[in-house]
Structures are given as C-alpha cells and as structure tokens.
Amino acid sequence: MRTHYCTDVTEKNIDETVTVAGWVNSRRDHGGLIFIDLRDKGGLVQLVCDPADNKEAWKVADSARDEFVLIATGKVRARGEGLENPKLITGKIEIVVDELVIENRSKPMPFDLNDDKVNEEIKLRNRFLELRTTKSYDIFKLRSKVTNSIRNTLDELDFLDVETPILTKSTPEGARDYLVPSRVHGGEFYALPQSPQLFKQLLMVSGFDKYFQIAKCFRDEDLRADRQPEFTQIDVEMSFCDQEDVLKVAETVIQNVFKDIGKEIPTNFPRMTYSDAMEFYGSDKPDMRYDLKMVDVIDIFGRSTNEIFSGIAKDKKANRIKALRVPNGDNVFSKRQMKGFEDYVRKFGAKGLGYFQMKEDGLKGPLTKFFTEEDLKEIIEVTGLEVGDAIFFGAGDKKTVCDYMGRFRIYLAETMEIIPKDSFEFLWVVDFPMFEVEEGKIKALHHPFTMPKDLNKENTEDIESIAYDIVLNGTELGGGSIRIHKEDIQSEIFRLLGISEEEAQEKFGFLLDALQFGAPPHGGFAMGLDRMIMLLAGTDSIREVIAFPKTQKAQCLLTKAPSVVDEEQLKELSLRIRKQQADV
C-alpha cells in the first residue's frame, strides 16, 4: 500500500516515485495549488497537488479535509529556494502528487490535536485521537525502547521472565485491594495484585534464583499526577544476595536504559541514609538537582531569650529547629514575599516561619533581638551565610518541621526557577526504619516482608530495615529490600504489627509454610515503569505515558468504566447493591 513512511522520504529520493499514506494534518489552498501536510507515525511530509499536472488528483485534494486518510503516489522534488522548512525532517523536499486516494473520511474533530491547552476530559474521552499526535507516538516509542532495554539487560544477567497471577488473594500491603467476586465460589473474592511480592519470594524458595517481570499492578488508592489505579512496574528478585548485589543490578538496568536512549548518567549513584534525607531535606525522596540544604540550629536557638524557641530546644530528641539558607534570597524576595511564605508553610502544620536577611553589617530581621552577637555570628558560620542571602527557620516537633520545611525547600526552588530542566540526578536512600506509628498503631514502613537489621531494640521505632529506594529528580522511582527468609523472624514481625497467629496463618500461611522448606536469603526491587517514562519524556503527568489512562476519579472516560452491570450478572456472583450507600 505504501513504499515509504512520510519521514523516510529524503533528498536521496528526489526524482523517484513514492507512495505514502497517512492522515491530513493540514490543508492549504494557494490559488489553485493545494498543499497537504500528510502525517503518519513518524511525522509530516508535504504533498503538492497542481491542477496543471494532474486534475484528478487535484480534485481529490480539493475535497480532502483534516484527518482524512489518504494514500498518495507522486514524484519527489526539492522545495523551491527559500521555501524549505527547517522544523521538519522532510523540510527540504515535497511530493508532487500523481495519484491521490481518500481511503477514509473523518468527522470534524472534537478538538484540535495540536492544541496543548484543550480540556483534559475532552482529550481522555477521545484518547484514541490524542494518540494520533507525533508527540504521543514518540512517548510510546520511547516506552517500547525502554522496555526492550530492560528485558535485554535482565536477560543478559540470566534473569528469568516469569508471569505471576493476576487473580490472587487479598493481603494487607498498604493500599486498598481491587476485589473480584468469584462466580464459582459465591461470596468469596479474588484480589488484583498490588505487586507480585509474595509470588516472587515463593519463586526464590522454588530455586529459580533470578526472576523478573514487567508486571501489571493494581491499587485502589487516591490518585495524583504520578499515580494510577493500574500501573506497570519492573519487578526483580534474586537469591543468595545482599544489598550491594541488588543495587548493582538496579543501577545496571537504569544505566543501560539511559545509554540505549542516548542519555549519559553517572556510573555510580550516591547514597544517603533515610535519617540524613529527612534531617537535611525533609523528605525521603530529596531532589538533588539543587542545594538548599537544611541545617539544625536547635542548640543556638536554645540559648535565645525567646521562650518559644528555648522551650522547643529543651527536647532535642522530639523537636527540631531547622534553618534553610537561600543564596541571594534577600535580593530576590521582597519583605512581603518573605512574610507570605509563612502562609504557605502554615498549610502543612507550621505555627510560623522566622527569617533573617544577611546585610553588609550583619544579620537583620525581627528575630535578631532575641540573640547575642556571638550567637548571630554562629548562625552565619554554621549556615554559610553570605551578604545578600536570606535564611528561614522552622521550629516544632521533628516530624512536622521536617515535613513543612522540606515542602518549603521545593516551593522555593520552583519559585526561584533554579531547578535544571535537562538534568537527571539519582540517589539511593537506604537504612529505612522498619516501622512507623500511625494513630497509635504500628505499621511496616515498606512492607512486612522486609528484613530488619536488628530486632533487639528497646523502642520499636528505632529498628532499621535493609530497605532502599531509588530516587530520580525528587521522584521515588522504586525501591526494594532484602526479604525475611526465616519463618521465626517473619512470625515475630507479624506479632509486632499486631497480627495474631490465626490472622497470619489465614492471610500468609502459604508464605510461612514455604519459609520452612529451605528458603534461601533473597532480595529484590521494583521500579515504576510509568514514572520512569514520565521523567524521561519530560511530561507533567503519568497519564500521558499510559495508552488508556484513568482520571483522578479512577474513571476511563473513553469506555465509561466503571459501569453498572445487570441484575443477572450480580445474581450469578451472589451480589446485590445496597442502593442507599452504593456499596457492594
């Protein structure tokens, strides 16, 4: 049907007769001559229809409209002097059409494919049309290339690609499960997997040694720009390994991906403990493309005459007073802006936000009256202040201060536009706490199958795990851990989490049984493929890199899913709808 894709036609084809096919991207009538930009997966080529050369082809071109499907045959020629288009791969040539066929017509488009400002709901409702754009095609071409690179790398490292079940058992792994009712077993449910975690551990018990999967996962949780109810992850597990072995495999995968798409990154990724990440950046996924590092000044503020600061400083274990130096901030921000920053941090629990300005004659600001000259000099020294800088202070309980000052750090960087656009900065965050306490209840910070470093700690919250996250430009790309491979340790973790022996046997009995049959030491990682593509493609939303994504309300506007089902289907599944609460 065609001899060339549109962008395959070059100056080498001048005077050759070619056949191309695609969609009308635009049509222009220049006083008799009709120009059509024809588009296929690769881009555009210009067709020229001249009634003096071929009236029949010109008549067809005259009736063509945007998004009609055309097949065109003609001779390639160089564009006239001054008429070249440097923005197009094919900008130096055009095709003089001898034969033109309208293979299919198109209704008027519901939106302009080239308009990036179209309402997102309209685009998602017509997602198959948005995917026609060269921008969308390039994203999924990139995605395909990345996926192939991952498969090739892991294959070369002797990992075995194994598919694990989609219909599985509901287990508490952090988010809500999507439940699937069973027709055969009335009143019972499968769950869609949040991850292949337990199955890949069982494969290690089976002696498979090295496993991987490009896995579909499902989580019924609130959505945001980098989260979808169904997503794809690069899932890897290996036996007889330690943390260094796993991190090396993950780095190799990432480095090969970047190499295969023509981007250079460091051969070794820096590391930072979870504790340092929280203390210095207020986040377990700090963006390392810019500085703005927090400094603890609780000792200095403890000597101030301000009773609020000195009171907070009395408990250095539970509280923090953090300073955030902003180079040239005094010259960039007005006093009104600096006071306005307080409104921002209050949204995240701050009770206030102090600041100083570094002038030629020393620190200035409403708080300086509470400090001696010696203490002000020490603040300048420990924070590295220079003339023209501004410095902000947050004080209060450790968790709240680190959180809002970490958010403020990002907000400042975005406000000052100091974040490099084409930079990729990786970071391993290691030594995560094993547990966290929420509303008085102990929870696993990663998941309950993570190997603890030492269970013999008086305070449960002080127990660290052999867990690690890979961060790229402030986004958690993925993470993993060394797993528990001994049944007695796994049972103890369940006990600490408040899971009774009966509940553990009910939900995880198959795993506990497997660990008693010679389970090898093992570990692995999972990385979000969608998030990786989002960062590589430079898009603002994960929805742009998923072919048919859901909205923030977990709806597919294209197919109108989820939808109601008829009473007969519900009856077969032993279900009925409680209409007053819309619950199943």
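Me: Where is Glu417 found?
Reply: In this predicted model, Glu417 sits in the loop between α13 (398–416) and β17 (426–430). Its phi is positive, near 55°, in a residue other than glycine.

Me: And is Glu417 buried or exposed?
Reply: Glu417 counts as exposed, because its relative accessibility is 72% and the cut-off for exposed is over 50%.

Me: What about Phe240, what is its phi?
Reply: Phi of Phe240 is near 50°, a positive value in a residue other than glycine. Phe240 belongs to the loop between β10 and α6 (243–260), and with a relative accessible area of 63% it is exposed.

Me: Which peptide bond is cis?
Reply: The bond from Ala561 to Pro562 is cis, with omega near 0°. Pro562 lies in the loop between α16 (529–537) and α17 (567–572).

Me: Changing topic: why is helix α5 largely enclosed by the rest of the structure?
Reply: Seven of the nine residues of α5 (residues 197–205) are buried, so the helix is largely enclosed. Among the buried residues are Leu198, Lys200, Gln201 and Met204.

Me: What covers the buried residues of α5?
Reply: The cover includes the strands β9 (210–218), β10 (230–239) and β22 (522–528), together with helix α15 (501–514). After α5 comes Gly207, with a positive phi near 90°.

Me: Now cavities: how many are there of 30 Å³ or more?
Reply: The count is one cavity of 30 Å³ or more. The largest cavity has a volume of about 40 Å³.

Me: Which residues line the largest cavity?
Reply: Its lining consists of Thr164, Pro165, Ile166, Pro193, Pro196, Gln213, Ala215 and Lys216. By class, that lining has five nonpolar, two polar and one charged residues.

Definitions and conventions
Residues are numbered from 1 along each chain as its sequence is written. This is a predicted model: local features need pLDDT of at least 70, side-chain atom pairs count only at pLDDT 80 or more; totals for chains, interfaces and linings use all residues. Side-chain values use heavy atoms; hydrogens and water are left out. On a 1 Å grid over the protein atoms alone, a cavity is a set of points where a 1.4 Å probe fits but cannot get out, and a pocket is an open set with protein on both sides within 12 Å along at least five of seven lines; lining residues have an atom within 4 Å of a point. Grid points are joined across faces, edges and corners, and a volume is the space filled by probe spheres set on the points. Ala, Val, Leu, Ile, Met, Phe, Trp, Tyr, Cys and Pro count as nonpolar, Asp, Glu, Lys and Arg as charged, and the others, Gly among them, as polar. Buried means under 20% relative accessible area, exposed over 50%, partly exposed in between (1.4 Å probe, protein chains only). Helices (H or I, at least four residues) and strands (E, at least two) are DSSP runs, numbered from the N terminus. Contact means heavy atoms within 4.5 Å.
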